[in-house]
Amino acid sequence: MTQIEIFKAGKRYDANGVLIEITPEMLQQTVAAYNPEFHEAPLVIGHPKSNNPAWGWVKALSLEGDVLKAEVDQLDTEFSEMVASGKFKKVSAAFYLPDSPNNPHKGVLSLRHVGFLGAMPPAVKGLKQVEFAEDEDFVVFSEWGGV
């Protein structure tokens with residue numbers, strides 16, 4: 001299965017300009033809580049509020065140091081070809097906040113979706129380029145300011 005880097009611990013501005021610190025310990029809790037049989041995070045284009053359409057799914061999460069990785073599954077062939085041709089080189093993870101009423105795993109940061117980005121630069125710099133072999137309370141990180 002293909003693993004991709006989707007997030008890195010650190011201080012990040014969310015899409016509203018609020019500075020949030022995400023620690024490796026928080027990400028380890030995210031990994032431990034992730035259960036695709038309960039809530040399976042989709043692979044999407046951009047950051048759609050409705051989380052659709054799904055172009056694939058996150059089967060599992062892992063943490064290497066301070067980098068969160070996703071094991072992807074059920075990739076749409078057309079989408080995989082678009083990624084391979086360079087249309088979506090970067091990703092941006094969206095999370096449910098620990099206290100969000102819609103969080104499937106209350107008390108921990110939970111993966112909502114992995115957004116694939118076209119020309120929009122990701123907030124989290126330095127992740128490896130992707131290669132494949134209702135209103136809800138969630139956080140999307142943006143390129144807001146310098147931290």
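User: How do the residues lining the second largest cavity divide into nonpolar, polar and charged?

Analyst: Rolling a probe the size of a water molecule over the atoms shows where empty space is left. Here the lining splits into two nonpolar residues, four polar and no charged (Ala, Val, Leu, Ile, Met, Phe, Trp, Tyr, Cys and Pro count as nonpolar, Asp, Glu, Lys and Arg as charged, the others, Gly among them, as polar). Keep in mind that this is a predicted model: local features need pLDDT of at least 70, side-chain atom pairs 80 or more, while totals for chains, interfaces and linings use all residues. Numbering starts from 1 along each chain as its sequence is written, and side-chain values use heavy atoms, without hydrogens or water.

User: Which residues line that cavity?

Analyst: T30, Y34, H39, H105, S110 and L111. (On a 1 Å grid over the protein atoms alone, a cavity is a set of points where a 1.4 Å probe fits but cannot get out; lining residues have an atom within 4 Å of a point.) L61 touches T30, Y34 and L111, among others including I6 and L68 (contact: heavy atoms within 4.5 Å).

User: What joins β2 to β3?

Analyst: Four bridges, with the strands antiparallel; R12 is partnered with I20. Five residues lie between the strands of this hairpin, where G17 takes a positive phi near 85 degrees.

Key: On a 1 Å grid over the protein atoms alone, a cavity is a set of points where a 1.4 Å probe fits but cannot get out, and a pocket is an open set with protein on both sides within 12 Å along at least five of seven lines; lining residues have an atom within 4 Å of a point. Two strands pair if DSSP finds at least two bridges between them. Helices (H or I, at least four residues) and strands (E, at least two) are DSSP runs, numbered from the N terminus. Lists of a residue's contacts leave out its neighbours within four places in sequence.
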